[in-house]
Structures are given as structure tokens and as C-alpha cells.
Amino acid sequence: MAAHQQKKPSEERKHRSTQNDTQTSQVQWGRAWEVDWFSLASILFLLMFAPLIVYYFVMACDQYQCSLTDPLIDLLTGNRRLSDIWDKTPMLTYRAVGSYTLWVSFQVFLYVFIPDFCHKFLPGYVGGVQEGAVTPAGVVNKYEINGLQAWIITHVLWFANAYYFHCFSPTIIFDNWIPLLWCANILGYAVSTFAMIKGYFFPTNARDCKFTGNFFYDYMMGIEFNPRIGKWFDFKLFFNGRPGIVAWTLINLSYAAKQQELYGQVTNSMILLNVLQGIYVLDYFWNEAWYLKTIDICHDHFGWYLGWGDCVWLPYLYTLQGLYLVYHPVQLCTANAIGILTLGLVGYYIFRMTNHQKDLFRRTDGNCKIWGKKPEYIECSYMAADGAKYYSKLLTSGFWGWARHFNYTGDLMGSLAYCLTCGFEHILPYFYIVYMTILLTHRCVRDEHRCFSKYGKDWKRYTAAVPYRLIPHIF
Ligand code: NDP
């Protein structure tokens with residue numbers, strides 16, 4: 001998508017390619033066109049088990065003090081039956097439904113009705129109306145980038161309530177965590193099902209729809225590329241950012257408040273976790289315009305994977321460390337706290353700088369400096385769906401010369417730091433680093449497969465110049 005980031009589509013096109021042009025290959029968007037048995041099996045597995053996995057983790061904290069093995073041992077030894085566990089699980093409540101509806105409606109309101117004003121007074125911040133990448137059908141969508149503003153307003157109101165208005169307790173999220181899980185699931189399934197129906201009957205852009213012929217695959221991976229309601233309500237941008245990522249820091253704050261209520265203090269591990277994950281969340285919103293150029297927006301279709309994932313998987317499983325720390329408050333010694341903080345900050349620095357280097361390089365078409373020098377790169381070309389040939393560049397300087405996905409490596413270092421705040425008593429808080437390692441390694445392979453089919457021989461030249469994926473000299 002390189003050229004898309006630098007110039008308008010009409011300017012990108014250099015010439016029409018011929019059929020026997022060996023330097024270019026058909027660019028691919030989204031996931032596989034052909035559904036192989038492995039993809040189908042994985043999808044069926046996830047559709048059936050992902051909601052259970054989330055329930056299992058949350059239930060293990062609620063009923064077993066965050067032990068992942070005790071529920072299994074209890075069930076296998078006949079100590080408890082599934083129905084015993086289920087009977088002790090809090091059900092859907094009116095309070096949870098009301099709070100959740102209010103929360104989502106408020107985020108919709110902030111997203112749709114409050115145009116961005118942050119970019120008017122925050123130097124360097126890119127907000128307001130921004131263009132996304134070119135879709136397979138050649139559409140360039142416009143987005144209202146106002147996530148930072150929504151995050152700030154939501155958090156100002158949260159603190160105003162906690163310290164002055166006292167309309168609800170700041171522990172409200174923790175106190176209703178399982179009833180809210182049912183609400184999040186209802187929304188996750190409703191939005192995914194709606195997106196599927198919409199893809200069939202009233203798509204935003206029919207030429208950007210992808211039907212594989214397999215119902216489950218289409219439901220999970222999505223049909224529409226950029227489903228929208230009206231001009232501005234974009235499903236991908238809203239669901240990833242708002243119920244998912246704005247909620248992330250609020251959930252952590254609620255956990256901190258619960259620690260305060262239960263133990264009369266907030267541990268340094270909880271503060272560290274709130275700070276490190278807070279930086280990650282703020283980074284996302286500060287760079288929301290950049291997010292329009294990431295794989296989620298540029299290549300993935302909107303289905304259950306994004307819809308349910310953003311409503312349930314992200315807020316429930318990305319925040320497990322904070323939940324764990326409510327049940328097991330950990331006070332880190334100074335050396336450990338400094339070590340974890342350093343790991344988290346170095347990871348964040350690598351993550352941000354790597355993403356920044358690519359963004360700068362692509363935005364300036366290579367007319368920039370990376371680590372004080374003119375960047376080195378590999379020229380490449382590809383053919384789009386309309387048969388036109390486009391040119392692009394693959395950076396081989398800076399962190400992009402160390403490994404092909406060093407941004408993922410930084411992300412993984414940060415993820416490990418979050419987990420380490422919880423000590424080593426249980427494995428549950430380490431779920432996040434295990435999951436992120438699988439997610440980002442799989443993403444690495446998926447992305448490289450796509451880049452190879454996009455750039456062909458040029459991609460091979462690039463992988464020869466930068467032979468490692470995540471860790472120089474190792475992988
Ligand atoms: P990248 O930002 O790495 O984008 C990959 C794309 O960049 C490729 O498809 C290719 O696109 C282009 N590219 C690849 N190599 C080069 C190069 N050498 N020079 C220039 N362009 C290149 O991946 P993501 O969108 O997956 O991730 C963005 C960030 O989001 C990452 O830091 C990741 O860690 C983070 N992330 C976090 C997740 C979470 O759940 N916390 C989930 C997913 C991502 P093109 O077609 O334009 O050439």
C-alpha cells in the first residue's frame with residue numbers, strides 16, 4: 001500500500017502493465033480467496049471455543065482466584081460439575097445492560113457527533129478528516145479522526161465522577177465484570193451478524209465485498225471491506241478503537257479502584273501496569289490517523305474476527321493482568337519495578353520508532369533521514385486489481401534493516417513487561433504474551449505471504465537484504 005500512502009491514486013499510476021509483466025503480481029487484499037481445510041478448521045474452532053476461552057479466564061478469576069488449573073482439576077476429579085460452576089456465575093442484570101448501553105451509546109455519540117478539535121491546538125497531532133488507503137475497488141474513504149478527543153472526554157468524565165460527582169463507583173466495571181461480559185457478547189454477535197447481512201443485502205460498496213462461498217469463513221472473516229452507516233460511521237474504526245481501546249484504560253482504572261477499596265492501597269505493580277498500558281492506548285489514539293494504514297484497516301474485512309474480537313476478546317483478555325492484580329496484589333521491589341518499567345519503555349520505544357520510520361519513509365517517498373542518514377530501500381512494483389502497475393519502496397534502513405517486523409518485536413517486549421508486573425505465582429497473567437506471540441508471528445507470516453504475492457521477485461530481493469523476521473540472527 002506504499003504508494004497509496006504518498007500520493008493520490010491518480011498520481012500513483014505510472015502505466016498500464018501488460019499480462020506478461022514478470023515484475024508485478026496481482027495485489028491481494030483481505031484474507032484467502034480460497035478456503036483451505038486448515039483455515040476452515042481454525043475458524044470453526046475459534047467460533048466455537050473463543051467465547052468459552054474468555055468465559056473460562058474470567059470465571060477462573062471469579063471462582064478460583066485466577067488459577068487456570070483448579071477448575072479443570074475440580075471437574076476431572078468430580079469435585080464439582082459444570083452446572084455448579086455455571087450456577088455460581090453471575091447472570092445478565094438490568095444494571096449491566098443499562099450501563100453498557102449507555103457506554104456504547106456515549107462512544108457512538110462522541111464518534112459521530114463531535115468533530116475533532118484536538119488537532120487545532122495540539123502541535124503534531126493529526127486529527128479531523130483524514131483519508132484512508134485505496135480499497136481494492138479503488139475507493140479512498142474519508143475518516144473523522146477524533147479518537148484522542150473521545151478518550152480525553154471519557155477519562156475526564158471518569159475522574160470527575162470518581163472525585164466529585166460520585167454518580168457511580170469507580171469499581172463499577174470490576175463489580176459487574178461478568179454481567180458486562182454477556183452484554184459485550186450480545187453486541188459482538190449482533191454487530192457481526194448485522195455486518196454479514198449488510199454485506200449480502202445493502203453493502204456500502206458492493207465492489208469491495210468478498211464472498212468465498214463458505215458461510216462460516218465469510219461470517220468470521222467478513223464480507224464487506226469497510227462497512228459504514230451513513231457517511232461517517234465506520235465499523236472498523238469505531239469498534240476497534242472505542243468500545244475496545246477507550247475501554248482498556250477505564251477497565252484498568254476500575255481494577256486500581258478495586259484494589260484501593262479492598263486493600264486500602266494501590267500496589268506499585270498496578271500503577272506500573274496502568275502507566276505502561278496507558279502509554280500504549282494513548283499512542284494508539286495519538287496515531288489514529290496512522291492506524292488507517294495498518295493491516296486491520298488496509299487489508300482485513302469486517303466480520304466476527306474484528307466485530308466480536310473488539311467487543312469481547314480485546315477488553316476481556318488484554319486486561320487480564322489488572323484483573324489478576326485485584327485478586328493477587330503484588331508489591332514489586334524497586335529493582336524489579338525499574339527493570340519492568342525499562343523493558344516496557346524500551347519495547348514501546350522500538351514499537352513506536354519502527355512504525356514511525358516506515359510512516360515517515362512512505363509519507364516522504366524516501367526523502368527523509370533515518371538515523372541521520374538518507375534511507376536505503378528496495379524499489380518494487382505491483383499490479384492492482386484494475387490491471388494498472390504501481391511502484392513502491394521497501395525500507396531497509398533503521399530498525400527495518402534489523403528485521404522485517406521489528407515493530408512487532410517492540411510490541412512483544414512491552415507485552416512481556418505487562419505480564420511481569422504480576423510476578424510468577426500463576427500463569428493466567430502470562431496469557432497475553434503467549435497470545436501476542438502467536439498473533440504477531442501469524443500476522444508476520446500472513447503479511448509476508450501477502451507481500452510476496454504483491455511484490456513477487458522484489459519481495460525476494462527484500463527478504464535477501466533483510467533476512468530475519470523478528471529477532472536479528474535468530475528468527
Ligand atoms: P506493519 O505496520 O508492519 O505493516 C505491514 C505492511 O507494511 C506490509 O504489508 C507492507 O505493506 C509494508 N511494509 C512491509 N515491510 C516494509 C518495509 N520494509 N518498508 C516499507 N513498508 C513495508 O504491520 P501491522 O499493520 O500489522 O501493525 C502495525 C502495528 O500495530 C505494529 O506495531 C503491531 O505491533 C501493532 N499491532 C498490535 C496489535 C495488538 O493487538 N496489540 C494487533 C496488530 C498489530 P505495503 O503493501 O504497503 O507494502
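Colleague: Buried or exposed: which of these describes Cys422?

Modeller: This is a predicted model, in which local features need pLDDT of at least 70, side-chain atom pairs count only at pLDDT 80 or more, and totals for chains, interfaces and linings use all residues. A residue is called buried under 20% relative accessible area, exposed over 50% and partly exposed in between, with a 1.4 Å probe and protein chains only. Since the relative accessible area of Cys422 is 1%, Cys422 is buried.

Colleague: How many disulfides are there?

Modeller: A disulfide is a covalent bond between the sulfur atoms of two cysteines, and here it is counted as a pair of cysteine sulfur atoms within 2.5 Å. The closest cysteine sulfur to that of Cys422 is in Cys419, 7.0 Å away, which is too far for a bond. By this rule, the number of disulfides is zero.

Colleague: What is the volume of the largest cavity?

Modeller: On a 1 Å grid over the protein atoms alone, a cavity is a set of points where a 1.4 Å probe fits but cannot get out, a pocket is an open set with protein on both sides within 12 Å along at least five of seven lines, and lining residues have an atom within 4 Å of a point. Points are joined across faces, edges and corners, and a volume is the space filled by probe spheres set on them. There are three cavities of 30 Å³ or more, and the largest cavity holds about 90 Å³.

Colleague: Which helices each supply at least two residues of the lining of the largest cavity?

Modeller: Among the 13 lining residues, the closest to the centre of the largest cavity are Tyr280, Gly344, Tyr348, Gly414 and Tyr418. Domain 1 (90–331) and domain 2 (333–474) both give residues to this lining, so the largest cavity lies between them; the domain bounds come from an automatic or database domain assignment. Helices (H or I, at least four residues) and strands (E, at least two) are DSSP runs numbered from the N terminus, and those that each supply at least two lining residues are α13 (268–286), α18 (334–363) and α20 (406–420).

Colleague: How many nonpolar residues are in the lining of the second largest pocket?

Modeller: The second largest pocket has a volume of about 720 Å³, and of its 27 lining residues Ser99, Trp103, Trp158, Phe168 and Leu250 lie nearest the centre. Ala, Val, Leu, Ile, Met, Phe, Trp, Tyr, Cys and Pro count as nonpolar, Asp, Glu, Lys and Arg as charged, and the others, Gly among them, as polar. Beside four polar residues and one charged residue, the number of nonpolar residues in this lining is 22.

Colleague: What is the distance between the end C-alpha atoms of residues 177–197?

Modeller: The unreviewed UniProt entry lists several spans as "transmembrane region", including 177–197 and 262–282; positions are in the numbering used here, feature names are shortened, and annotations may be inferred rather than shown by experiment. Residues 262–282 are 81% helix and 0% strand, with end C-alpha atoms 28 Å apart. For residues 177–197, which are 100% helix and 0% strand, the distance is 30 Å.

Colleague: What is the phi of Trp371?

Modeller: Most residues other than glycine have a negative phi. Trp371 lies in the loop between α18 and β6 and, at 44% relative accessibility, counts as partly exposed. Its phi is a positive value in a residue other than glycine, near 50°.

Definitions and conventions: Residues are numbered from 1 along each chain as its sequence is written. Side-chain values use heavy atoms; hydrogens and water are left out.
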